[in-house]
Amino acid sequence: MSSEDVGLIPVGKIVSKIKNKGSNKPSEDDKNKFNRPIPTKPVFRSITKKEDDQRRAEEEMVRNTGIPKRYQAITMAEIERRGIPVTVERQAELIKRYIAILDEAIKEGNGLYLRGEAGTMKTTFAIAIMREAMKKNYSCFFISAVSLMDKLFSLPDAERRVFETKIATTDILVVDDLGQEHEKSWIQTKIRALFNERYNNMKTTIITTNLGSQVRELYVESMIDRLQSVNWIIDFKGKSVREKVSQKRSL
Ligand SMILES: Nc1ncnc2c1ncn2[C@@H]1O[C@H](COP(=O)(O)OP(=O)(O)OP(=O)(O)O)[C@@H](O)[C@H]1O
Ligand SMILES: [Mg+2]
């Protein structure tokens with residue numbers, strides 16, 4: 001099985017990526033061009049206490065709403081600044097129309113059902129909407145369907161009641177990845193949820209596996225898509241190099 005079969009980057013490409021990193025070094029000639037420091041006046045813009053407090057309050061607010069670290073910078077303005085991919089232009093237009101009637105939608109209890117393939121910005125747009133609502137002082141809460149189930153089943157009674165009240169009364173509740181909490185076996189669901197949690201919180205995960213394309217049968221596409229977006233893939237080929245006791249000593 002080749003790495004391309006499972007949509008992975010072949011090791012050659014990784015190696016050249018790593019090698020190219022070093023090629024940014026200046027040549028001997030270039031080095032001499034910059035050997036005298038050029039004095040420049042440092043420019044400091046001090047952050048006022050008010051600005052600092054405002055920033056902290058905003059960060060705190062984002063944290064309290066359950067928005068994962070990976071998406072904490074997301075707003076509609078930020079999405080537009082990064083550039084809306086052509087494949088989701090139409091969806092982005094619809095999201096903007098929803099934002100334009102947000103007050104009315106919240107008043108009437110009208111939400112959205114964002115459905116589609118892995119990595120098509122569903123979560124991103126849901127969070128962008130939350131941020132618009134937060135600007136207007138609506139209460140918002142984001143939770144993945146897996147965590148929602150987990151909490152409902154495992155929180156002690158008193159805490160669960162507080163949690164239930166929160167999710168029942170918040171103006172906007174985003175339930176992310178509905179359906180994936182039921183997929184396949186319990187352990188696969190848990191592993192997927194763990195990877196997702198780490199991905200969302202931007203934590204490094206290193207995985208080793210013997211699985212080739214079966215990985216796609218065992219785990220959902222969205223998990224593979226996430227893993228590939230943050231991990232380099234290195235393929236190991238050839239015979240086992242594990243030392244065998246029979247090589248060291250015969251019976
Ligand atoms: N303009 C943009 N603003 C924000 N993210 C963008 C933009 N263009 C591309 N992206 C990318 O979109 C990717 C996928 O977004 P997101 O996690 O919202 O997808 P999803 O549809 O929820 O996927 P899944 O079904 O796997 O949960 C992000 O990793 C991000 O890098
Ligand atoms: Mg998502």
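H10 passes H12 in a left-handed crossing. This is in a predicted model, which applies to everything I say here. The axes of H10, residues 186-200, and H12 come within 10 Å, and they cross at roughly 35°. On the H10 side, the contact is made by Arg192, Phe195, Asn196 and Tyr199. H12 brings Met223, Arg226, Leu227 and Val230 to that contact. By class, the residues where H10 meets H12 divide into 5 nonpolar, 1 polar and 2 charged.

H12 also takes us to the ligand. Helix H12, residues 221-230, supplies at least two residues of the shell around ligand 1, and so do helix H4 (76-82) and helix H7 (122-135). In total, 16 residues surround ligand 1. The closest are Arg82, Lys122, Thr123, Thr124 and Ser222. If you sort the shell by class, you get 7 polar, 5 nonpolar and 4 charged residues.

Now H7 again, this time in the core. The largest nonpolar core has 18 residues. Those with the most contacts inside this core are Phe125, Ala126, Ile127, Ala128, Ile129, Met130 and Phe142. Which elements give two or more residues to the core? They are H7, strand E1 at 140-144 and strand E2 at 172-176. H7 gives the most, with 7 residues.

Take Met130 as one example from that core. Leaving out residues up to four places away in sequence, Met130 touches Thr65, Ile67, Cys140, Phe142, Ile172 and Val174.

Next, a loop position. Thr87 lies between H4 and helix H5, which spans 89-100. Is Thr87 buried or exposed? Thr87 is exposed, because it has 10 other C-beta atoms within 10 Å, and the cut-off for exposed is 12 or fewer.

Last, the chain as a whole. The secondary structure comes to 13 helices and 2 strands. The protein chain has 251 residues, of which 15% count as buried. For contacts between residues at least 6 apart in sequence, 80% join residues at least 24 apart. The Met130 list is a place to look at such contacts on screen, with Thr65 and Ile172 among the residues it touches.

That is what I have on this one.

Technical notes: Residues are numbered from 1 along each chain as its sequence is written. Chains are lettered from A and ligands numbered from 1 in the order in which they are written. This is a predicted model: local features need pLDDT of at least 70, side-chain atom pairs count only at pLDDT 80 or more; totals for chains, interfaces and linings use all residues. A residue is near a molecule or strand if its C-beta atom, placed from the backbone, lies within 6 Å of it. Helices (H or I, at least four residues) and strands (E, at least two) are DSSP runs, numbered from the N terminus. Ala, Val, Leu, Ile, Met, Phe, Trp, Tyr, Cys and Pro count as nonpolar, Asp, Glu, Lys and Arg as charged, and the others, Gly among them, as polar. A residue is buried if 20 or more other C-beta atoms lie within 10 Å of its own, exposed if 12 or fewer, and partly exposed in between; C-beta atoms are placed from the backbone. Two residues are in contact if their C-beta atoms, placed from the backbone, lie within 7 Å. A nonpolar core is a set of buried Ala, Val, Leu, Ile, Met, Phe, Trp, Tyr and Cys residues joined through C-beta atoms within 7 Å. Axes are lines fitted to C-alpha atoms, for helices over the stretch in contact, and angles run from 0 to 180 degrees between N-to-C directions. A crossing is left-handed if the near helix is turned anticlockwise from the far one by less than a right angle, and right-handed if clockwise.
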